[in-house]
Amino acid sequence: MSEYVAAFDHLIHWVDDIDAAMASYDALGLPTHASLTMPGFRNAGWTVDDERYVELATVDDWDAVASSKYAQALEILRPAVQALPGPGLLTFAVDVPDARAVAARLRAAGREVDEVEVRFEERNVGFVEVFVRDAPAHFPFFITYDPPRAELARMRAEYRAAQGVTAGSGPDLSALLVRSADPESEARLLGALVDCPVDGATVALPGAEVRFEQGAPTGLYGIAVRGPGSPDLVSEVAGMTVVTES
């Protein structure tokens, strides 16, 4: 392992109808909240804890999005969005201490990467994202927050405490589920990219391990959750499979 320590940050669930998807999440005991609305783009989220979440996202006007802060990142993701047969899982982000250093490491290894910076000056927060253009579309991108994610988490926890909200009472996200034509080879490829240990077809990414399995169509298809609820229950939410583990 090197100094490039990665941890799961968030998963992007692309949906057609944000409100209907939120209602389906809520019905499964995965409470959502509306997040951001900007021209052409809306998102919401199921917050797993103060550092991890699942983002529900949609674009209803690509021309309008072109003038938004998210324009560059969304344009990078657009081919993968258009390749989806309907709503479903798109990709995920891993948090690293220095995304630009990761980009330099990957370029030195011959990888094709793009760096995107987003800043919200009114809140004095921002982030840098690094997309690996020559990796499979469902492989992750890297993200570094400013202030760092741990500081943002502390601020969220303080806000919750002030509101009298208790964290950690709902289900926990335990794994991302991926279908592959060659699970073990793809797990090794991902493990090398994010610099995490691999056990067979499972990448031990902190915060949410990534489990590959034989099957088609290839790509991200579901999540495994653990906690309150019926064990061994399999549900479908807007093109995403949710497996409840005991």
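Buried means under 20% relative accessible area, exposed means over 50%, and partly exposed lies in between (1.4 Å probe, protein chains only). This is a predicted model: local features need pLDDT of at least 70, side-chain atom pairs count only at pLDDT 80 or more, and totals for chains, interfaces and linings use all residues. Residues are numbered from 1 along each chain as its sequence is written, and side-chain values use heavy atoms, with hydrogens and water left out.

Thr91 is buried, with a relative accessible area of 3%. Its place is in strand β5 (residues 88–95); strands (E, at least two residues) and helices (H or I, at least four) are DSSP runs, numbered from the N terminus. Contact means heavy atoms within 4.5 Å. Not counting residues up to four places away in sequence, Thr91 touches Leu11, Ile12, Leu77, Ala137, His138, Phe139, Pro140, Phe141 and Leu220. A polar atom of the Thr91 side chain lies 2.7 Å from the backbone oxygen of Phe139. Such a polar contact is a pair of N or O atoms within 3.5 Å; within protein, one must be able to donate a hydrogen and the other to accept it, and residues adjacent in sequence count only if both atoms are side-chain atoms.

Thr32 lies in strand β2. At 16% relative accessibility, Thr32 counts as buried. Leaving aside neighbours within four places in sequence, Thr32 is in contact with Met22, Tyr25, Asp26, Gly45 and Trp46.

**Cores**

A nonpolar core is a set of buried Ala, Val, Leu, Ile, Met, Phe, Trp, Tyr and Cys residues joined through side-chain atoms within 4.5 Å. The largest has 50 residues, and Phe92, Phe142 and Leu176 have the most contacts inside it. Apart from it lies another core, of 28 residues, among them Ile12, Leu36, Val116 and Leu152.

**Aromatic pairs**

Rings of Phe, Tyr and Trp (its six-membered ring) pair if their centres lie within 6.5 Å; planes under 30 degrees apart count as stacked, over 60 as edge-to-face and the rest as tilted. The structure holds six aromatic pairs. The table gives two of them.

| Pair | Centre to centre | Angle of planes | Type |
|---|---|---|---|
| Phe41 and Tyr70 | 5.6 Å | 80° | edge-to-face |
| Phe127 and Tyr145 | 6.1 Å | 65° | edge-to-face |

Phe41 lies in strand β3 (residues 41–47) and Tyr70 in the loop between α2 (62–65) and α3 (71–83), so the pair ties together parts that are 29 residues apart in sequence. Both Phe41 and Tyr70 are buried. Phe127 in strand β7 (residues 125–132) and Tyr145 in strand β8 (residues 141–146) are 18 residues apart. Phe127 and Tyr145 are also buried. Ring pairs link Phe41, Tyr70, Phe120, Phe127 and Tyr145 into a cluster.

A charge sits over a ring if NZ of Lys or CZ of Arg is within 6 Å of the ring centre and within 35 degrees of the ring normal. Arg123 places its charged end over the ring of Phe120, 4.8 Å from the centre.

Helix α1 (residues 18–27) has the buried residues Ile18, Ala21, Met22 and Tyr25. Seen down the axis, they fall within an arc of 100°, so they line one face of the helix. The arc is that of the directions from the helix axis to the C-beta atoms. These residues pack against β1 (7–14), β2 (32–38), β3, β4 (53–59), β14 (233–237) and β15 (240–245). Asp17 caps the N-terminal end of α1, with a side-chain oxygen 3.1 Å from the backbone nitrogen of Asp19. Gly29, with a positive phi near 85°, follows α1.

In helix α4 (residues 99–108), the buried residues are Ala99, Val102, Ala103 and Leu106. Their arc around the axis is only 105°, which puts them on the same side of α4. Their cover includes β6 (113–120), β7, β8 and α6 (183–194). At the start of α4, a side-chain oxygen of Asp98 reaches to within 3.1 Å of the backbone nitrogen of Arg100.

**Backbone exceptions**

Most residues other than glycine have a negative phi, and most peptide bonds are trans. The peptide bond from Asp146 to Pro147 is cis, with omega near 0°. Another cis bond joins Ala216 and Pro217, with omega about -5°. Asn124, not a glycine, has a positive phi of about 55°. Asn124 counts as exposed at 51% relative accessibility.
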